[in-house]
Amino acid sequence: MSERLTGHTLLVSLIATPIRHSMSPTMWNESFAKKGMDYAYLAFEVGNEQLEDAVKGIRALDIKGSNVSMPNKQKIIPLLDELSPAARLVGAVNTVVNQNGHLVGHVTDGTGCMRALQDEGFDIKDKVVTLAGAGGAGTAIAIQAALDGAKEIRIFNRDDDHYATAVENAKKINENTDTVATVTPLEDQTAFKKSISESDIYIDATSAGMHPQEDVSLIDDPSLIRPDLVIFDVVYAPRETKLMKFAKENGAAKVYNGLGMMLYQGAEAFKLITGEDMPVDYIKSILF
Ligand code: NAD
């Protein structure tokens, strides 16, 4: 790295908190080194309090772009000059592109998920989707699946603060795309099971399976698992969640964790900010 950095080196940032655990700096800096690009990527511990100054800093220092994570994904919106159509619909930004001081916000979590699925040979177009969760990940996935032409998205969320977001997401999808979206409380287990049995794919975009909920799986009925049902869990730590283990033990053949989504949200952001392709196979060989 020290041999690479020069007076011409361009900077890409990541603004979030907590952020020291993030894999993104490794992903980006290894990509720059591999491709011989004169760029560096640095994580900055920035919360809502420092966000406005950080965005001014992006302009003042001509930082070429930035990733944005919690708690800033929504709060950054009024500080930007323009939003991509997906970012506007999702209501969140995870990537900012600095076009000579004009800051454009994008969201790549949803496209990252769709690309990860394509990598496994699954195209969301015309598919029936059962989606659990309507937080940040669930919202980005629902909107992108609709933009990419899913036939139906049946959203389930438990009766918590995110239920209202699920209702809002379905409304946006029904008003802006040809996809039919519905919302049902996760507590209606009969509807949840019926929906999975009629779906091409089950996407779990909840935090179930991740610390401190390692022992939680929203599916515990073996009759719901079919070899042709694609099961995608957004969680990537642990690499195999309780849901994934249960599905594999009961005959599922297409079970994926969230690592691919994490990789491709980064690859999409890399392309938007630098105009170059991230060397994804190389990054997979390092990180996976
Ligand atoms: P969030 O807090 O915004 O939303 C959490 C969602 O999970 C809500 O819909 C909530 O109702 C639901 N939920 C939580 N516990 C539940 C339970 N026990 N039963 C039913 N529903 C439950 O969080 P988020 O930012 O959307 O993140 C959700 C998960 O996705 C996290 O595990 C996160 O690590 C993961 N994630 C992965 C990627 C990736 O690139 N693979 C990207 C973003 C988030």
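Student: At what angle do helix α4 and helix α5 pack, and how far apart are their axes?

Tutor: In this predicted model, α4 (residues 109–119) and α5 (residues 136–147) pack at an angle of about 65 degrees, and their axes lie 7 Å apart.

Student: Why is α4 called roughly perpendicular to α5?

Tutor: Angles of 65 to 115 degrees count as roughly perpendicular. The angle here is about 65 degrees, so α4 is roughly perpendicular to α5. As for handedness, α4 passes α5 in a right-handed crossing.

Student: Which residues of α4 and α5 meet?

Tutor: From α4 come Asp-109, Gly-110, Thr-111, Cys-113 and Met-114, and they meet Ala-140, Ile-141, Gln-144 and Ala-145 of α5. Sorted by class, this contact of α4 with α5 holds five nonpolar, three polar and one charged residues.

Student: Which residues make the contact of α4 with α9?

Tutor: On the α4 side they are Asp-109, Thr-111, Gly-112, Cys-113, Arg-115, Ala-116 and Asp-119; on the α9 side, Gly-260, Met-261, Tyr-264, Gln-265, Ala-267 and Glu-268. By class, the contact of α4 with α9 has five nonpolar, four polar and four charged residues.

Student: Let's turn to the sheet. What is its strand order, and is the pairing parallel or antiparallel?

Tutor: The order is β9-β8-β7-β10-β11-β12, an open sheet of six strands with parallel pairing.

Student: Why are β9 and β12 said to stand at the edges?

Tutor: β9 (180–185) and β12 (254–256) each have a single partner strand, so one side of each is left without a neighbour in the sheet. On average, neighbouring strands of this sheet are turned by 15 degrees against each other, direction ignored.

Student: How do you know that β7 and β8 pair?

Tutor: Pairing needs at least two bridges between the strands. Five bridges join β7 (residues 128–132) to β8 (residues 152–157), and the two run parallel. Within this region, Thr-130 stands opposite Arg-154 in β8.

Student: And which strands does helix α6 touch?

Tutor: Helix α6 (residues 162–176) packs on the sheet and touches β8 and β9; the directions of α6 and β9 make about 165 degrees.

Conventions:
Residues numbered from 1 in each chain as written. Predicted model: local features only at pLDDT ≥ 70, side-chain atom pairs only at ≥ 80, totals over all residues. Heavy atoms only, no water. Axes fitted to C-alpha atoms, helices over the stretch in contact; angles between N-to-C directions. Helix = DSSP H or I, 4+ residues; strand = E, 2+ residues; numbered from the N terminus. Parallel < 35°, antiparallel > 145°, perpendicular 65-115°, else oblique. Left-handed = near helix turned anticlockwise from the far one by under 90°. Contact = heavy atoms within 4.5 Å. Nonpolar A, V, L, I, M, F, W, Y, C, P; charged D, E, K, R; others polar.
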